[in-house]
Amino acid sequence: MDIAAILAVLLFFVHIVAFVAGGSNSVVMPIIAGKMVQASPEVRGELLDFAKRLARVGKYSMIALIVTGVLVLWLKWNFVIPNAWFWVKMAGVVAMLVFIGLNESMAKRVAAGDAEAVQRSDLFGRLTGAAFLVVILSAVLAFN
Ligand code: HEM
């Protein structure tokens with residue numbers, strides 16, 4: 001194994017760790033959002049703090065996925081695109097970034113307890129989750 005191959009394996013390991021850490025958002029966030037609507041102001045504060053911390057993990061994971069993904073594509077695949085599924089994956093990544101951004105734009109209203117904003121935020125979260133599934137499926141189809 002040469003140094004580039006070893007690096008590629010290590011970076012892919014980070015890719016998978018970030019994928020698990022970030023992906024936890026898509027399972028836990030809808031549960032928090034479900035609790036948020038009927039929560040008392042005090043409990044809502046706690047739930048919001050939890051959601052913010054999770055969102056931060058999600059953002060760092062997303063950055064790590066993009067950086068390690070580009071590096072693995074270089075070191076292992078020499079920037080040769082294996083097939084069209086790769087572009088489906090990239091479209092899924094862009095869709096995730098859009099929905100995450102839309103969700104961010106709701107953050108202040110959600111924090112103020114605006115029920116409509118909470119519902120919209122939940123919807124954007126679910127759409128992010130759906131795009132995430134597209135990314136995973138197309139990643140597997142692209143690289144196997
Ligand atoms: C939300 C963002 C992302 C997620 C959830 C994700 C997920 C995954 C998963 C599950 C695999 C494993 C597929 C397999 O080997 O069967 C994978 C592999 C891979 N991903 Fe990503 N990925 C993301 C972003 C990116 C980006 C932005 C790039 C590059 C521009 C990228 C490049 C790669 C490469 C090159 C591999 C193959 C590694 C190998 O051949 O061993 N990924 N990704």
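Colleague: Where is phenylalanine 79 found?

Modeller: Phenylalanine 79 is in the loop between α2 and α3. Helices here are DSSP runs of H or I with at least four residues, strands are E runs of at least two, and both are numbered from the N terminus. This is a predicted model, where local features need pLDDT of at least 70, side-chain atom pairs count only at pLDDT 80 or more, and totals for chains, interfaces and linings use all residues. Residues are numbered from 1 along each chain as its sequence is written.

Colleague: What makes phenylalanine 79 buried or exposed?

Modeller: The C-beta count. A residue is buried if 20 or more other C-beta atoms lie within 10 Å of its own, exposed if 12 or fewer, and partly exposed in between, with C-beta atoms placed from the backbone. Phenylalanine 79 has 8 other C-beta atoms within 10 Å, so it counts as exposed. Its phi is near 60°, a positive value in a residue other than glycine.

Colleague: And what about asparagine 78, buried or exposed?

Modeller: Asparagine 78 has 8 other C-beta atoms within 10 Å, so it is exposed. Asparagine 78 also lies in the loop between α2 and α3, and has a positive phi of about 50° although it is not a glycine. For the protein chain, buried residues make up 22% of the 144 residues.

Colleague: How many helices and strands are there?

Modeller: Four helices and zero strands, in the pattern α-α-α-α along the sequence.

Colleague: At what angle do the axes of α3 and α4 cross?

Modeller: Roughly 165°, and the axes come within 8 Å. Angles under 35 degrees count as roughly parallel, over 145 as roughly antiparallel, 65 to 115 as roughly perpendicular and the rest as oblique. That crossing angle therefore makes α3 roughly antiparallel to α4. The axes are lines fitted to C-alpha atoms over the stretch in contact, with angles from 0 to 180 degrees between N-to-C directions.

Colleague: Which residues are closest to the ligand?

Modeller: Leu65, Gly69, Val72, Leu73 and Ala139 are the closest of the 19 residues that surround the ligand. A residue is near a molecule if its C-beta atom, placed from the backbone, lies within 6 Å of it. The elements giving two or more residues to that shell are α1 (3-36), α2 (41-75), α3 (85-111) and α4 (115-143). α2 gives the most, with six residues.
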